[in-house]
Amino acid sequence: MHPLIFLALLQAPQHSTVCYEVFVRSFYDSNGDGIGDLRGLTQKLDYIAGLGADCVWLMPVAESPSYHGYDVTNYYKIEPDYGTNDDFKAFVAAAHQRHIRVLVDLVLNHASSDHPFFQQALRDTASPYRSWFRWSSTGGNNWHKSPVRDEYYYGFFWSGMPDLNFENPAVLEESKRVARYWLDSLGVDGFRLDAIRHLIEVGDQNANTPGTHAVLRDYGQYIRSIAPQSYTIGEVWDNTGAILTYYPDQLDGYFAFPISDALMDAVRSGKAGRLIPTVLQFQAAQPAYRWAPFQRNHDQTRTMTMLGNDVAGAKLAATILLTLPGLAFVYYGEEIGMTGDKPDERLRTPMHWTRSAAAGFTNGKPWEALQPDSLTANVAAQEHVAGSLLNLYRRLMRQRAANSALRDGELIPVETGNESVLAYIRRDSSRAVLVVVNLGKTAAAPVKPPAGYVQRNPLPRTLAPRQAYIVEMTKRP
């Protein structure tokens, strides 16, 4: 298909502005068992809507033996810890009432070693599901010894996650049935697809193979054909060049990992570095709704920990993220400055709602211990403080939704002559906004407005250290 024809087909009437990533197990517990659930999440939808998010991405909610859910045993059933399929449908309906679209994590690269299909394939070499997985008599990297016979099965991430064999057309067809079920029967608006660069291996090459691109091309076109208003976004944790090979005609969008890295490096180092050039690479290649900047996700050290509890730095990171082009993603708890570092469980700890012993997350014992700062970094402590991190997120997300230049406009770099001062214009046909960020720890000279623009509210004569400014611009007569 010609790229221009494809882009015309891809243009949907509605694109989200900010998507909020939620780990259901850690968000809100409605029944006191210490585990967050869908009914609890539904009760907190007004909070998410109040932030200004018009989209949520749920980490895996299908049945799984693990706490994280990335090893699925039943793709058609909600994890019982979280509730039922009817609970999920009620959640989606409540989200849609608030104009929030719902994306769910879809794990296609691998299943659980407890999945019935894998168990059949493991025990019976004549099973029709044998060819749904990969087997070897010799083993090697990422090959795991069978507990049944003298052979090995392939699992890129872990022995408990055997890779599905997408060279078998039946696997792709089943993946399509799974997608259709979630779209048609459960009402979701799209998917975040996990670890997709690893779908098909060729020899020692385990990422970004031609076969992987072919599978995603087929899969993306199928989903668009049955749900034109849906949105698919893929995890390709790689450099910019590698990510751009997944366009133009595979999934709808991909996470901009290099922008996340450059953003955090800029705030931490106090120097703009590669941030703007990296954004411009994505902007030149694809429309902004097809790539997604973010600060941190569920696999990465949280912002506040990475910045050494620098609240001013966290505010700069939020301001930059929410004034860049693209579909911005925000990981739950970032808006209140939650901390967290590896191992993974400590990146995904329960949400801090109040100053109570369990931070208002549960009436029981939380499934995972809270972070030590739960008594200060919580929603209740910041709710009514005008200058809090939480209220900054709210202002920025609402401003992004209301301002067409911030929502849809292009980014134009502004030269500052100072590596510690980041500046750019966001503009569309009707509006323009100047964003200036002093990343440094000392005051800096003001930024001169680009030719052809006048500031409605002038910048101060000196830029305060670790301070950001958002100024509406008008075109000079």
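A salt bridge is counted here where a side-chain nitrogen of Lys or Arg lies within 4 Å of a carboxyl oxygen of Asp or Glu. By this rule, the predicted model holds 31 salt bridges.

**View 1. A salt bridge joins Lys-176 and Asp-218.** The closest N and O atoms of the two residues are 2.7 Å apart. Lys-176 belongs to helix H6 (residues 169-185) and Asp-218 to helix H7 (residues 210-226), so the contact ties together parts that are 42 residues apart in sequence. Lys-176 is buried, at a relative accessible area of 9%, whereas Asp-218 is partly exposed, at 31%.

**View 2. Asp-238 and Arg-197 form a salt bridge between two loops.** The N to O distance is 2.9 Å. Asp-238 sits in the loop between strand E10 (231-234) and helix H8 (240-244), and Arg-197 in the loop between strand E9 (190-193) and H7, so this pair ties together parts that are 41 residues apart in sequence. With a relative accessibility of 21%, Asp-238 counts as partly exposed.

**View 3. The side chains of Arg-407 and Asp-408 meet in a salt bridge.** Here the N to O distance is 3.1 Å. Arg-407 is partly exposed, with 30% relative accessibility. Asp-408 is exposed, with a relative accessible area of 54%.

**View 4. A network of salt bridges links Asp-105, Arg-192, Asp-194 and Glu-235.** Side chains of opposite charge can pair when their charged atoms come close.

**View 5. Three strands make an open sheet in the order E6-E8-E7.** The pairing in this sheet is antiparallel. Strands of a sheet pair through backbone hydrogen bonds. Strand E6 (135-136) and strand E7 (143-145) stand at the edges with a single partner strand each, so one side of each has no neighbour in the sheet. E6 is joined to strand E8 (residues 152-154) by two bridges. Ser-136 has Tyr-152 of E8 as its bridge partner.

How values were computed: Residues numbered from 1 in each chain as written. Predicted model: local features only at pLDDT ≥ 70, side-chain atom pairs only at ≥ 80, totals over all residues. Heavy atoms only, no water. Helix = DSSP H or I, 4+ residues; strand = E, 2+ residues; numbered from the N terminus. Buried < 20%, exposed > 50% of the residue type's maximum accessible area, 1.4 Å probe, protein only. Pairing = 2+ DSSP bridges.
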